[in-house]
Amino acid sequence: MWKLARFAATSLARSRRFSTAIPGPCMVHKRGADILHDPWFNKDTGFPLTERDRLGLRGLLPPRVISFEHQYERFMNSYRSLEKNTRGQSDKFVSLAKWRILNRLHDRNETLYYRVLIDNIKEFAPIIYTPTVGLVCQNYSGLYRRPRGMYFSAKDKGEMMSMIYNWPANQVDMIVLTDGSRILGLGDLGVQGIGIPIGKLDMYVAAAGMNPQRILPVMLDVGTNNQKLLEDPLYLGVRQPRLEGEEYLAVVDEFMEAVHARWPKAIVQFEDFQMKWAFETLYRYRRKFCMFNDDIQGTAGVALAGLLGTVRAQGRPLSDFVNQKIVVVGAGSAGLGVLKMAVQAVSRMSGCSETAAKSQFYLIDKNGLVTTERSNLDPAAVPFAKHQSDLEGLAEGASIIEVVKKIKPHVLVGLSGVGGIFNEEVLKAMRESVSTKPAIFAMSNPTMNAECTATDAFNHAGENIVFASGSPFENVNLGDGKFGHVNQANNMYLFPGIGLGTLLSGARLITDGMLQEAAECLASYMTEEDIHKGILYPSIDCIRNVTAEVGAAVLRAAVVEGLAEGHGDVGSKELAHMSKEDTVGYVRENMWFPEYSPLVHEK
Ligand SMILES: NC(=O)C1=CN([C@@H]2O[C@H](COP(=O)(O)OP(=O)(O)OC[C@H]3O[C@@H](n4cnc5c(N)ncnc54)[C@H](O)[C@@H]3O)[C@@H](O)[C@H]2O)C=CC1
Ligand SMILES: CC(=O)C(=O)O
Ligand SMILES: [Mg+2]
């Protein structure tokens, strides 16, 4: 039993694995074959004989009872065989094959699925999340076998308040919602974008211990402007151009009202909306509903933590952040979210106005350097447009290479969705950076949309850089036993903690203060020793620890702001009396962990 031997040697979280303590019972309203077909309750061959008797399962399964450990081992063996058997095939083929085997388990037995996911998160995150989830969304209509989550379409207007009651769970804590209009850097994928809420919620279960029976992926199918999909006979979405203007907002409004009528405290994460609707919906709902936009706000916090880490990596005090020159390429929801939060941080640190704090930042979009000279500038980008007096000889629309050569920035951030735009020339120009340790953040997803690869960054910009990408790359072998460390600057380090901390606080809104505490918590997570090695973010292996800390920071911020109403049996007063350590412990204790609970039938 290699697996049991390995378990014994691993860390604290793993000591819970396959413990002999019997978990509390779980009520089930079904019997017989209905249970076997419900992945929330199904244990496959793992049903003990007494339970088979109690639940009318006797004879519906092969007679031998297989333990959870053994089921786990069987799955991992199949997975390893698949890896062996697909060797030599294209990356796309292998990635989809891996996604399929995991997806089949997800559809069959969620307890086992989440256990293998949690235990092997570093290996499986790139499959259920970026980059493979992008490929899955591109091919979703063809890959589709079973529904997951809910679909509200343009054709459901007026029906949503009743439709929401079709969802079988009595309680929903966390919803991830998309309209499929900007899926990663892949553009408008229409209804096929549902893969993103599913992948994000898988991360909620794995990283935050959200109970999978209380999560809900949602697709708002308001049409698509992707002509190829509209013409695809397999396409599963509504075949019409996207709704616009008031018609569009009416659908989102109706959905939000319906959700909060049934589950007043459900948290809604808006994900991968095209920029105009990302900002519009955030401003429209953030003071009314418990919601946030992950691309604007989650990404901002993760990037800010990385930018602050970069200052430490240079051996400079954090206060030096106010002097860092930062070029952001991409003026969309992510790029503008990052700029807003970074400017606020500079303003706080230096005591200067936000207007003054902007002087060190440069914003570039598809038309080049963004300045006040630009006509038809998106209103959300206006605050970050450079004034004539600050241009340092650069012209409106200056290219990335012109800006990098002139400004010699400390940090170059990519949130453009355009693969390879940090080309050899741009990366070589970063060698002239005023920083002793220039940083390159190629944050666009999935991998093929990253602004540069890790290898190109270290080869062209130099070995002393700090590098981060949105999707994972291998560390880069620099020869002589040296490696260039690759950080994954992805909002997955924050959104699980934002969701869990908010849930446990019982807050009905998610404020800037709560998000700021989340970012600062992540920024202070790494030790000086790690930071000096260019390690800005923790390994995804310890994502539950990160989430416990971030969640506690969010919860405490809600308490300070007087928003924490409490959750379950723990009221606002008890939350307020918890120390920082107690809060982290409280968050950790509330993380769901997959193990088979005795099922009790209730009519
Ligand atoms: N690592 C992470 O955690 C996150 C990464 N992202 C990634 O960021 C990318 C952008 O996302 P959004 O801001 O929501 O998209 P968006 O579509 O709102 O914005 C894209 C921006 O890039 C600019 N752009 C396009 N071509 C360009 C070029 N050749 N040169 C310079 N700028 C160019 C556009 O003008 C626009 O301002 C996506 O690939 C997404 O996957 C987004 C959120 C989180
Ligand atoms: C990571 C993420 O949210 C994105 O690429 O859109
Ligand atoms: Mg996103």
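Visitor: Why is Lys 482 called partly exposed?

Guide: Lys 482 has a relative accessible area of 44%, and since buried means under 20%, exposed over 50% and partly exposed in between (1.4 Å probe, protein chains only), Lys 482 counts as partly exposed. This is a predicted model, in which local features need pLDDT of at least 70 and side-chain atom pairs count only at pLDDT 80 or more, while totals for chains, interfaces and linings use all residues. Residues are numbered from 1 along each chain as its sequence is written, chains are lettered from A and ligands numbered from 1 in the order in which they are written, and side-chain values use heavy atoms, with hydrogens and water left out.

Visitor: What makes the meeting of Lys 482 and Glu 463 a salt bridge?

Guide: The N to O distance between their side chains is 3.3 Å, and a salt bridge asks for a side-chain nitrogen of Lys or Arg within 4 Å of a carboxyl oxygen of Asp or Glu, so the pair qualifies. Lys 482 lies in strand β14 (residues 482–484) and Glu 463 in the loop between α21 and β12 (466–469), so that the pair links distant parts of the chain, 19 residues apart, where helices (H or I, at least four residues) and strands (E, at least two) are DSSP runs numbered from the N terminus. In the whole structure, 32 salt bridges are found.

Visitor: Why are Glu 83 and Arg 80 said to be separated by about one helical turn?

Guide: They are 3 residues apart in helix α5 (residues 68–85), which accounts for that description.

Visitor: What makes Asp 38 count as buried?

Guide: Asp 38 has a relative accessible area of 9%, and this places it among buried residues. Its salt-bridge partner is Lys 30, with the closest N and O atoms 2.7 Å apart, and Lys 30 is partly exposed at 31%.

Visitor: Which residues coordinate the magnesium ion (ligand 3)?

Guide: Glu 271 (OE), Asp 272 (OD) and Asp 295 (OD) coordinate the ion at 2.0 to 2.1 Å, and donors are N, O and S atoms within 2.8 Å of the metal (3.2 Å for Na, K and Ca), although water is not among the atoms, so sites may look incomplete. Asp 272 lies in the loop between β5 (267–270) and α15 (275–285) and Asp 295 in helix α16, so the pair ties together parts that are 23 residues apart in sequence. Asp 272 is buried, with a relative accessible area of 2%, and has a positive phi, near 55 degrees, although it is a residue other than glycine.
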